[in-house]
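I set out to record, entry by entry, what I looked up in this structure.

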Amino acid sequence: MREDGVVLGIETSCDETAAAVVRGGREILSSVVASQIEVHRRYGGVVPEIASRRHVEAIIPVIDEALAQAGTDLAEIDAVAATHGPGLVGALLVGLSAAKGISYAAGKPLICVNHIEGHIYANFLAHPQLSPPVLCLTVSGGHTELIAMRDHGRYEVLGRTRDDAAGEAFDKVARVIGLPYPGGPALEQLAKSGDPNLISFPRAEVEGSPLDFSFSGLKTAVINYIHTAEQRGEDLDYADVAAGFQKAAVDELVSRVDRAVDFTGMSVVAVSGGVAANQALRRALTALAGKSNIEVYYPPLNLCTDNAAMIASAGYYRHVAGEVSSLSANAEPGALLSSLACFDG
Ligand code: KG4
Ligand code: ZN
């Protein structure tokens with residue numbers, strides 16, 4: 001692929017139907033996201049079957065819109081990149097099938113991209129000066145991963161959650177408080193008027209794995225606290241509960257980054273995924289940066305949550321390294337982040 005090669009990216013792993021056109025891996029020519037949040041809100045979470053059907057309806061118009069906004073067409077793009085996992089299998093299949101169809105019909109190479117790798121590349125889109133090695137914290141509704149990115153396409157997973165993802169814990173606690181889906185932004189808003197130091201919730205440690213995360217104990221502790229107070233008929237200030245929970249979750253995330261910096265000696269940290277939108281997390285990591293002499297990068301809010309520009313960017317770098325996926329590639333709901341073949345072993 002040429003240095004300024006243009007990649008069409010497609011993302012449908014959860015509840016956003018997204019397509020984007022990115023030049024040279026770093027320059028967003030268009031990024032279209034059709035969110036299904038309103039549809040799923042009434043159920044309090046993503047309903048996989050509804051998500052798949054909505055993706056089927058939206059995928060072609062969203063791709064057309066991304067190409068039109070970029071002032072290009074299928075004949076002009078150099079490759080098509082699509083998320084093949086992890087995610088909801090029915091949802092993934094829609095975007096991947098569309099990408100395969102385009103690849104076959106237009107004669108363009110297909111590149112399958114791991115969704116977590118996509119989140120990592122959101123920071124490469126946002127910060128032109130960023131280059132590996134980078135310590136990546138990817139925190140979203142589906143994953144919480146701490147990854148040493150040694151080079152483009154070369155990853156070492158240092159730690160990950162043993163149970164709930166960070167965003168999942170935000171969503172579940174928010175739901176018990178009675179906040180609308182997705183809970184993360186609503187919980188952060190509520191926490192602003194609460195005292196984070198009034199209620200102290202537990203910080204988890206995974207024995208023998210200091211870089212792993214665990215959020216289910218914290219989630220259960222918060223839910224038990226709320227239920228106990230409700231059963232006793234006590235007045236509960238939900239803002240204090242939200243602030244206490246958020247502080248515990250942020251402390252856990254920041255402590256792992258602190259340790260990973262210590263263990264690896266890496267000095268550039270890039271945070272991504274939906275939870276990277278959280279201002280309390282950003283403030284805490286900025287404070288750590290001041291103390292530990294590291295640089296911390298975040299994408300703008302529209303690149304924190306799911307989008308296809310990050311998939312196009314990750315796909316560009318994979319393709320530059322010579323990777324092309326087979327048209328028989330399948331959706332992989334549990335796909336693990338893997339390094340490029342040239343780094344294997
Ligand atoms: O990356 P994303 O759009 O989708 C996944 O790949 O999961 O992340 C969505 C997650 C949801 O759990 C949402 O509640 C959480 O990110 N989130 C937040 C905030 N904004 C989104 N969590 C905490 N604070 C926020 N401001
Ligand atoms: Zn995501």
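The entries below concern helices, their packing, and some details of the backbone.

**Entry 1: the model.** I noted at the outset that this is a predicted model.

**Entry 2: helix α7.** I looked up α7, which covers residues 216–231. At 1.5 Å a residue, its 16 residues should span 22 Å, and I found its end C-alpha atoms 22 Å apart, so the two agree. I then asked which residues of α7 are buried. They are L218, K219, V222, I223, I226 and A229. These residues lie on the same side of α7, because they cover an arc of only 130° around the axis. I recalled that an α-helix has 3.6 residues a turn, so residues three or four places apart point the same way. The buried residues of α7 pack against α5, residues 166–177, and against α8. Just after α7, I found G233 with a positive phi of about 70°.

**Entry 3: α5 with α6.** I turned next to α5 and its contact with α6, the helix of residues 183–191. I reminded myself that two packed helices are described by the angle between their axes and the distance between the axes. Here the axes come within 8 Å and cross at roughly 65°. I recorded the crossing of α5 and α6 as left-handed. On the α5 side, the contact involves F170, D171, V173, A174 and I177. On the α6 side, I listed G183, G184, L187 and L190. By type, the residues of this contact are six nonpolar, two polar and one charged.

**Entry 4: the loop between α5 and α6.** I checked the peptide bond joining Y181 and P182 and found it cis, with omega about -5°. P182 is in the loop between α5 and α6.

**Entry 5: α8 with α9.** I looked up the packing of α8, residues 238–264, on α9, residues 279–292. The angle is about 35°, and the axes are 10 Å apart. Is this crossing left-handed or right-handed? I recorded the crossing of α8 and α9 as right-handed. From α8, the contact is made by Q246, V250, L253, V254, V257 and D258. From α9, I listed A280, L281, A284, L285, L288, K291 and S292. The residues of this contact comprise nine nonpolar, two polar and two charged.

Entry 6: I examined N293, in the loop between α9 and β10, residues 295–297. N293 is not a glycine, yet its phi is positive, about 60°. I noted for context that most residues other than glycine have a negative phi, and most peptide bonds are trans.

**Entry 7: helix α11.** I looked up α11, residues 309–320, which has 12 residues. From its first C-alpha to its last, α11 reaches 17 Å, close to the 16 Å expected at 1.5 Å a residue. I found α11 mostly covered, with 11 of its 12 residues buried. Among them are M310, I311, Y316, Y317, R318 and H319. α11 is followed by G322, and I noted a positive phi near 100° for G322.

Entry 8: I located P86 in the loop between β4, residues 79–85, and α3, residues 89–106.

Conventions:
Residues are numbered from 1 along each chain as its sequence is written. Chains are lettered from A and ligands numbered from 1 in the order in which they are written. This is a predicted model: local features need pLDDT of at least 70, side-chain atom pairs count only at pLDDT 80 or more; totals for chains, interfaces and linings use all residues. Side-chain values use heavy atoms; hydrogens and water are left out. Axes are lines fitted to C-alpha atoms, for helices over the stretch in contact, and angles run from 0 to 180 degrees between N-to-C directions. Helices (H or I, at least four residues) and strands (E, at least two) are DSSP runs, numbered from the N terminus. A crossing is left-handed if the near helix is turned anticlockwise from the far one by less than a right angle, and right-handed if clockwise. Contact means heavy atoms within 4.5 Å. Ala, Val, Leu, Ile, Met, Phe, Trp, Tyr, Cys and Pro count as nonpolar, Asp, Glu, Lys and Arg as charged, and the others, Gly among them, as polar. The expected span of a helix is 1.5 Å times one less than its number of residues. Buried means under 20% relative accessible area, exposed over 50%, partly exposed in between (1.4 Å probe, protein chains only). The arc is that of the directions from the helix axis to the C-beta atoms.
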